[in-house]
Amino acid sequence: MMVWRLLRPDAKKVWDDDSVVKTLLKRYWDIINEKTTAKYLITKRIDAKVELNEDLPKLWNAHERIRKSFKNMIQRIDSGELEYDSLDNPKVSYLELKVELAQRMLEECIFCERRCRVNRREGEKGTWCKLDERARISSAFLHHGEEAPLVPSGTIFFTSCNFCCVFCQNYDISQVYPENGVEISPEKLASISRNLRREGARNINYVGGEPTPNLHVIIESLQYSDINVTQLWNSNLYCSEETMKLLDIMDVWLPDLKYYSDECAKEFSIVPNYWAVVSRNLKMAYDYGGLDHGEIIIRHLVMPNHVDCCTLPILEWIAENCPKSLVNIMAQYRPTHLVGSNKKYSSINRRPTSAEMDKAYKYADELGITWKPVS
Ligand code: SF4
């Protein structure tokens with residue numbers, strides 16, 4: 001296991017007793033300290049009360065029935081009212097139901113709001129992600145560069161993405177060569193997670209590219225896993241509502257919230273209806289959890305010339321709708337990929353200025369947003 005003295009100083013300090021992070025990510029901290037149980041382990045002990053060969057509406061009905069009471073069950077386990085070890089292994093579990101639903105969705109893929117409806121099980125490829133049913137990863141390692149509370153993070157990078165950001169820093173794995181990387185089975189993915197945990201990972205961090213097109217493999221891998229470790233969804237959150245329902249299994253969320261303006265989203269990530277989709281999903285994630293709120297670290301990348309149209313309204317929206325989220329206000333934007341070579345993108349062909357960053361930080365402070373421990 002990773003020892004404290006080897007950690008980045010802020011990754012240790014962020015867990016001081018008076019830290020707001022300890023309150024906002026309480027369940028995550030309790031999982032690290034074996035005081036409570038990761039959600040995916042709980043889903044293995046919930047009786048789905050349905051046969052897996054039923055038709056799709058019946059399977060979704062069974063899923064919805066459980067999903068609506070799942071939060072309450074987590075709270076009972078967290079409080080000690082219900083003992084996890086006293087729960088039996090059911091004939092068909094909530095987790096197995098999710099695996100089946102993901103496989104059915106793959107036949108007419110609606111994992112994300114691109115809704116390509118191709119049959120990936122039959123070898124068809126997604127229009128945007130360019131993936132059939134096989135998942136590939138480009139790397140998996142203990143990441144020490146993530147937000148302080150997440151370090152060290154057992155990060156698994158999937159290839160491919162459903163976005164086409166013109167400034168993507170990982171375009172080599174997400175857009176240009178989505179078929180790079182090593183094909184990965186659910187069993188192998190579970191084994192990688194186990195090893196990362198053994199090396200000291202505080203969480204298993206599914207990222208890319210984008211993890212969403214690989215939903216079926218990620219969920220199935222959890223059937224082969226029994227380690228009590230936080231599951232972290234690190235995503236652009238442009239997934240479908242159905243995918244969000246299957247993902248109530250995640251303990252911590254690390255979503256991007258890039259644009260407030262749909263025009264900006266269309267211009268720079270070639271994605272329609274961005275705000276409605278991502279804000280809907282973020283509200284769902286905020287409603288999940290054992291606490292009165294989901295445990296979320298929102299990443300907002302401040303882009304040059306986009307503080308007024310995107311950054312400030314996004315911060316306002318967060319303060320109003322997800323006030324107990326942590327927010328990483330990111331200054332890391334730099335022009336890359338297509339930006340420097342295409343005059344069309346000249347408005348974002350520079351780094352954000354310190355005046356732009358200060359404006360964002362100051363407004364976040366005015367709104368009472370917690371950003372300093374993760375930015
Ligand atoms: S994951 Fe999204 S982009 Fe890929 S096939 Fe499915 S709906 Fe299309």
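Colleague: Which residue of β2 stands opposite A140?
Modeller: In β2, I156 stands opposite A140. One caution before we go on: this is a predicted model, where local features need pLDDT of at least 70, side-chain atom pairs count only at pLDDT 80 or more, and totals for chains, interfaces and linings use all residues. Residues are numbered from 1 along each chain as its sequence is written.

Colleague: Thanks. How many bridges are there between β1 and β2?
Modeller: Six, with β1 and β2 (residues 153-158) paired in the antiparallel sense. Two strands pair if DSSP finds at least two bridges between them. The strands are DSSP runs (E, at least two residues), helices are runs of H or I with at least four, and both are numbered from the N terminus.

Colleague: And what does β1 do with β3, parallel or antiparallel?
Modeller: Antiparallel again: β1 (residues 135-143) and β3 (residues 182-184) pair over three bridges. There, R136 stands opposite E183 in β3.

Colleague: Where do the parallel pairs come in? What joins β2 to β4?
Modeller: Four bridges join β2 to β4, and these two run parallel. I156 turns up again here, with Y206 as its bridge partner in β4. β4 and β5 also run parallel, joined by four bridges, and N203 has T230 as its partner in β5. Between β4 and β5 the chain passes through helix α9 (residues 215-221), a right-handed β-α-β crossover. Right-handed means that, with the strands pointing away from the viewer, the path from the first strand over the helix to the second runs clockwise.

Colleague: Is β4 buried or exposed?
Modeller: Five of the five residues in β4 (residues 203-207) are buried. N203, N205 and V207 cover one side, I204 and Y206 the other. Buried means 20 or more other C-beta atoms within 10 Å of the residue's own, exposed means 12 or fewer, and partly exposed is in between, with C-beta atoms placed from the backbone.

Colleague: Changing topic: which residues are closest to the ligand?
Modeller: C109, C112, C116, G126 and C129 are the closest of the 16 residues that surround the ligand. A residue counts as near if its C-beta atom, placed from the backbone, lies within 6 Å.

Colleague: Where does I270 sit?
Modeller: I270 is in the loop between α11 (262-269) and α12 (274-287). I270 is exposed, because 12 other C-beta atoms lie within 10 Å.

Colleague: Last one: how many helices and strands does the chain have?
Modeller: The chain comes to 14 helices and eight strands. Of its 375 residues, 49% are buried.
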